[in-house]
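Subject: Structure handover

Dear colleague,

Here is the structure you are taking over. My notes on what was found in it follow below.

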Amino acid sequence: MTKASTAATTTGFDHQVAELEQRWATDPRWSGVERPYSAADVLRLRGSFTPECTIARMGAERLWELLGTREYTHALGAMTGGQAVQMVKAGLDAIYLSGWQVAGDANLSEQVYPDQSLYPANSVPAVVRRINNALRRADQIEWAENGGTALRDWMVPIVADAEAGFGGPLNVFELMKSMIEAGAAGVHWEDQLSSEKKCGHMGGKVLIPTQQHVRTLHAARLAADVMDVPTVVVARTDALGATLITSDVDERDREFLTGERTAEGFFMTKPILESPIKRALAYAPFADLIWCETSTPDLDEARRFAEAVKGQFPDKMLAYNCSPSFNWRKHLDDATIARFQKELGSMGYAFQFITLAGWHALNASMFDLARAYEADDMAGYVALQERELEMEADGYSATRHQREVGAGYFDEVAQAIAGGTSSTLALVGSTEQQQFH
């Protein structure tokens, strides 16, 4: 490289740095977000070629718009692409992707696991990609059927579970990049020790020091900046249900320690609300949303947490897990259940979700069908089919399963290839066309 070309490259780099610094300083999206690294650091790590991650970018921008303009945005946890398609068709504007569900029945090791980070770290990005592919196919089918007219926005944002990062900050950096490449709009990170990670509603949870999770958030944000995507970073704390912590190195954690040690060398810590509040205040400058995992659906507890965070960070949005692990009717009456999410929204919980909705819906519906089929043979199945036909009045279309997965779309492809003369079209003369049209 000549001196002249080197100078030109340096000038170009400096210009990009200045542009990025200006964007961070003036774009409302980055108001209240702090970074410990510089724009020059980001540009040095990008390389000379940065692939465009269109789905992740559009999803992140749409998610941020939803969070900022609605009282709250709610979502269900999807296990499959088909479930995600039905969620969008039913009117939901966002999708949650739970690591628990990936562990339970959707991971790349093809195993059934509890939620303890036993599955391969690239499993959640793979399901993100699978869901986005299903949504794209649904969009293609609908677009083709309606002569190039979109009836809805199929590419809704996905908020995905990165667990405890499957390791240190470098693992977090790479996992965040994988999430973005797969098309995730938002990603959440929890402050548990990755090697001992547990579901938020299990026992034996081990926290990492507050400063260590702050480093996790830095790694996640840096990865998003390097990918040049405004990914929504969600900081989750499990301090309300954890009784162990790896170290007393961070003075912010010390007031909650009991002075006891375990056989593994962990420190005992008090699982009281003041602990997650203190952590939330430490995480807030580096995250877009804060999530405190809870053991019961408690509006008073939620209010205390929200008021503490909003007292110091009034514009910081919160997230809430309306978990199936809670026995809702044991804790709340019908009237409280009905208003629960609206009350959370008024407190600042902008994103609310039912983590394991897909798993429970899939299992309950199949058990119900299998029991009916065992008892009544075909009458048991026909009852399901009749229910599907009834739901068509509300927009359900999976009764016509061939069409739902794209048989008609690929007939259009075949006709285009054959110049409109194909004689092997799949839906023409099919049982589905004759009996369900």
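A residue is called buried under 20% relative accessible area, exposed over 50%, and partly exposed in between, with a 1.4 Å probe and protein chains only. This is a predicted model, in which local features need pLDDT of at least 70 and side-chain atom pairs count only at pLDDT 80 or more, while totals for chains, interfaces and linings use all residues. Residues are numbered from 1 along each chain as its sequence is written, and side-chain values use heavy atoms, with hydrogens and water left out.

Overall build

The chain has 18 helices and 12 strands; these are DSSP runs numbered from the N terminus, helices being H or I of at least four residues and strands E of at least two. The chain is as compact as a globular protein of its length, because its radius of gyration is 24 Å, close to the 22 Å that the globule rule gives for 437 residues. That radius is taken over C-alpha atoms, and the globule rule is 2.2 Å times the number of residues to the power 0.38. Along the principal axes, the C-alpha atoms fill a box of roughly 70 × 70 × 40 Å.

Of the 437 residues, 48% count as buried. The accessible surface is about 20900 Å², and carbon and sulfur atoms account for 53% of it; areas come from the Shrake-Rupley method with a 1.4 Å probe, and for residues only the protein chains shown count as cover. A contact means heavy atoms within 4.5 Å. Among contacts between residues at least 6 apart in sequence, 71% join residues at least 24 apart.

Charges and salt bridges

The chain carries 40 positive and 59 negative charges, and their mean positions are 5 Å apart. Lys and Arg count as positive and Asp and Glu as negative, with His and the chain ends not counted. Each charge is placed at NZ of Lys, CZ of Arg, CG of Asp or CD of Glu.

Side chains of opposite charge can pair when their charged atoms come close. A search of the whole structure finds 34 salt bridges, a salt bridge being a side-chain nitrogen of Lys or Arg within 4 Å of a carboxyl oxygen of Asp or Glu.

- Arg221 and Asp288 form a salt bridge at 3.0 Å, N to O. The pair links distant parts of the chain, 67 residues apart: Arg221 is in helix α8 (residues 210-227) and Asp288 in the loop between α10 (274-283) and β10 (289-292). Both residues, Arg221 and Asp288, are buried.
- Arg252 and Asp250 form a salt bridge at 2.8 Å, N to O. Arg252 is partly exposed at 31% relative accessible area, whereas Asp250 is buried at 3%.
- Asp300 and Arg303 form a salt bridge at 3.4 Å, N to O. These two residues are 3 apart in helix α11 (residues 299-312), so about one helical turn separates them. Asp300 is exposed at 53% relative accessibility, and Arg303 is partly exposed at 30%.

There is also a salt-bridge network that links Asp115, Glu163, Glu190, Lys197, Lys205, Arg236, Asp238 and Glu293. One of these, Glu163, sits in the loop between β3 and α7. Glu163 counts as buried at 0% relative accessibility, and its phi is near 55°, a positive value in a residue other than glycine.

Other loop residues

Glu110, also not a glycine, has a positive phi of about 60°. Its place is the loop between α5 (99-105) and α6 (123-145), and Glu110 is exposed, at 73% relative accessible area.

Gly167 lies in the loop between β3 (158-161) and α7 (169-182) and is partly exposed at 26%. Leaving aside neighbours within four places in sequence, Gly167 is in contact with Val172 and Ser194.

Ser323 lies in the loop between β11 (317-321) and α12 (328-331). Ser323 counts as buried, since its relative accessibility is 1%. With neighbours within four places in sequence left aside, Ser323 contacts His201, Trp328 and Thr355.

Thr246 is in the loop between β7 (244-245) and α9 (251-254) and is partly exposed at 23%. Beyond its neighbours within four places in sequence, Thr246 has contacts that include Leu193, Pro209 and Phe266. Thr246 and Thr269, 23 residues apart in sequence, are 9.9 Å apart in space, C-alpha to C-alpha.

Regards
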